[in-house]
Amino acid sequence: NESVTSWIDLMKSAQVPSSKSFLLRKIIGEDVVIRQWVIDKLPNDQLSIDNALILSRSRRWPLMIDPQLQANKWIRNWKGANLK
C-alpha cells in the first residue's frame, strides 16, 4: 500500500521507531474477538477484519455497501438482540 509505505518512510526519516509492515489487527485487534467475529460469519480476509475493527470502535453505524449481504449477516450475528 503506497500510503503505508509513505508513512513508514516518513517515520524513518524522522527517526521514529516503526515496523516494516503495518497490520491494523496487530495495533487495535484482539485475536479472541476477531476469532469470534469469524465464527459470527465475518469473512476471514484482511479487508473485512480491518473494516470490522474500524466499525467496532465507531460511535455510529457507517454506510455499508454490501451486495453479497456478508456484512449484514455478520452484524446480525454479532449484535443479535441489541439491534434496534
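Helices here are DSSP runs of at least four residues, labelled H or I and numbered from the N terminus. By that rule, Asp50 falls in helix H4. The model on screen is predicted.

**Stop 1: Asp50**

Select Asp50 in H4. Is it buried or exposed? Asp50 is buried, and it has no salt bridge. Now show Arg25. This is the nearest side chain of opposite charge, 6.5 Å from Asp50. The cut-off for a salt bridge is 4 Å between a side-chain nitrogen of Lys or Arg and a carboxyl oxygen of Asp or Glu.

Leaving aside residues up to four places away in sequence, Asp50 touches Leu24 and Arg25.

**Stop 2: the largest pocket**

Stay with H4, residues 46–56. The largest pocket has a volume of about 410 Å³. Its lining counts 20 residues. Which of them are closest to the centre? Select Ser48, Asn51, Met64, Ile65 and Ala71.

Next, colour by element. Two helices give two or more residues each to this lining: H4 and helix H5 (70–79). H4 gives the most, with six residues.

Then colour by class. In the lining of the largest pocket, 13 residues are nonpolar, five are polar and two are charged.

**Stop 3: the second largest pocket**

Move on to the second largest pocket. Its volume is about 190 Å³. To outline this pocket, pick these lining residues in turn:

- Val4, Trp7, Ile8 and Met11
- Pro17, Ser18, Ser19 and Ser21
- Phe22, Leu23, Lys26 and Ile27

Which helix gives the most to this lining? H1 does, with four residues. H1 and H2 each supply at least two residues to the lining of the second largest pocket. By class, the lining divides into eight nonpolar, three polar and one charged residue.

**Stop 4: Lys20**

Finish at Lys20. Where does it sit? Lys20 lies in the loop between helix H1 (2–13) and helix H2 (24–28). Ser19 and Ser21, on the list from the previous stop, line the second largest pocket.

Switch to a surface view. Why does Lys20 count as exposed? Its relative accessibility is 76%, and exposed means over 50%.

Last, draw a distance from Lys20 to Val4. Their C-alpha atoms are separated by 9.8 Å, and the two residues are 16 apart along the chain. Val4 is one of the residues lining the second largest pocket.

Definitions and conventions. Residues numbered from 1 in each chain as written. Predicted model: local features only at pLDDT ≥ 70, side-chain atom pairs only at ≥ 80, totals over all residues. Heavy atoms only, no water. Buried < 20%, exposed > 50% of the residue type's maximum accessible area, 1.4 Å probe, protein only. 1 Å grid on protein atoms, 1.4 Å probe; cavity = no way out; pocket = protein on both sides within 12 Å on 5 of 7 lines; lining within 4 Å. Points joined across faces, edges and corners; volume = space filled by probe spheres on them. Nonpolar A, V, L, I, M, F, W, Y, C, P; charged D, E, K, R; others polar. Lys, Arg positive; Asp, Glu negative; His and termini not counted. Contact = heavy atoms within 4.5 Å.
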